Amino acid sequence: MAPLASSTRELFSEAVRAVLETWPVLQIAVDNGFGGAYSQQKAEWMVDALQQYFMDNDELQQDEVEGFISDLMNNEFDTVVDDGSLPQVAQKVCEMFQQCQQDRLTEVGEQIKQLIQKKSTGRAKVTPAAAADDDESEDEEAMECDGGAVGASVNGAAVKEQHLPPRAANHEEEDDGWTVVRRKK
């Protein structure tokens, strides 16, 4: 198909922004600084990168878009998305791009409004899990990890580090550069 007109391209960029800003995994990654000090700027850059990905590639399939977003999340936020939301995000962006290509701009505008309303109703929040002292098996299970790395799942997003209160953690540096957090008994 022909490239998008400038005004249509701007609308598609707004659509990508609306989809990403209402995606809980990205919200949590930004709110908790998974991308470092510039997490918010990285999220804004992702909008441009994803929009440009569509402009540079013809006839993208949903799985290609899903892989691209997954790589961005992994590379920029050290986050592996495994909550099942990635296919939904990729599908929504692909759908809105097709609507822009078909000059169905009113539909895209309505979807953007709906996403903005969804965004204003509230953001995803991360709350620490309450640990019961008499149920240590669940705590130990939650702290198990592979390869010496500390693992956690925040709304389905796997993260490399979990912060524990200082009284409950003993930090040890491993040879491979990972910090292992062990629970004090």
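Now, what are we looking at? This is a predicted model, in which local features need pLDDT of at least 70 and side-chain atom pairs count only at pLDDT 80 or more, while totals for chains, interfaces and linings use all residues. Residues are numbered from 1 along each chain as its sequence is written, and side-chain values use heavy atoms, with hydrogens and water left out.

First, the overview. The protein chain has seven helices and five strands, and along the sequence they come in the pattern α-α-α-α-β-α-α-α-β-β-β-β. Of its 185 residues, 34% are buried. I will also talk about contacts, meaning heavy atoms within 4.5 Å. Among contacts between residues at least 6 apart in sequence, 62% join residues at least 24 apart.

Let's turn to helix H4, residues 62-77. It has 16 residues and reaches 22 Å from its first C-alpha to its last, close to the 22 Å expected at 1.5 Å a residue; that expected span is 1.5 Å times one less than the number of residues. Which residues of H4 are buried? They are Val65, Ile69, Leu72, Met73 and Phe77. These five cover an arc of only 95° around the axis, which puts them on the same side of H4; the arc is that of the directions from the helix axis to the C-beta atoms. On the other side of H4, Asp63 and Asn75 are exposed.

And what do those buried residues of H4 pack against? Their partners are helix H2 (24-31), helix H3 (39-56), strand S1 (80-81) and helix H5 (85-101).

While we are on H4, have a look at Asn74, which sits in this helix. Asn74 counts as partly exposed because its relative accessibility is 35%. Leaving out residues up to four places away in sequence, Asn74 touches Thr79 and Val80.

Six of its eight residues are buried, so H2 is largely enclosed by the rest of the structure. Those six are Val25, Leu26, Gln27, Ile28, Ala29 and Val30. Just after H2 comes Gly33, with a positive phi of about 65°.

On to helix pairs. Here axes are lines fitted to C-alpha atoms, for helices over the stretch in contact, and angles run from 0 to 180 degrees between N-to-C directions. Helix H1, residues 6-21, packs with H3 at an angle of about 130°, and their axes are 9 Å apart. That makes H1 oblique to H3, given that angles under 35 degrees count as roughly parallel, over 145 as roughly antiparallel, 65 to 115 as roughly perpendicular and the rest as oblique. The crossing of H1 past H3 is right-handed; a crossing is left-handed if the near helix is turned anticlockwise from the far one by less than a right angle, and right-handed if clockwise.

If you want to find this packing on screen, the H1 side includes Arg9, Phe12 and Ser13, and the H3 side includes Met46, Leu50 and Gln51. Apart from neighbours within four places in sequence, Gln51 is in contact with Arg9, Phe12 and Ser13.

The second pair is H5 and helix H6, residues 105-120. They pack at about 145°, with axes 8 Å apart, and H5 passes H6 in a left-handed crossing. Among the residues that meet are Lys92, Met96 and Cys100 from H5, and Leu105, Val108 and Ile112 from H6.

Finally, some backbone angles. Most residues other than glycine have a negative phi. Glu59, though not a glycine, has a positive phi of about 50°. Glu59 lies in the loop between H3 and H4 and is exposed, with a relative accessible area of 71%. Asp103 is not a glycine either, and its phi is positive at about 60°. Asp103 belongs to the loop between H5 and H6 and counts as exposed at 56% relative accessibility. Asp78, which follows H4, also has a positive phi, near 50°.

Conventions. Helix = DSSP H or I, 4+ residues; strand = E, 2+ residues; numbered from the N terminus. Buried < 20%, exposed > 50% of the residue type's maximum accessible area, 1.4 Å probe, protein only.
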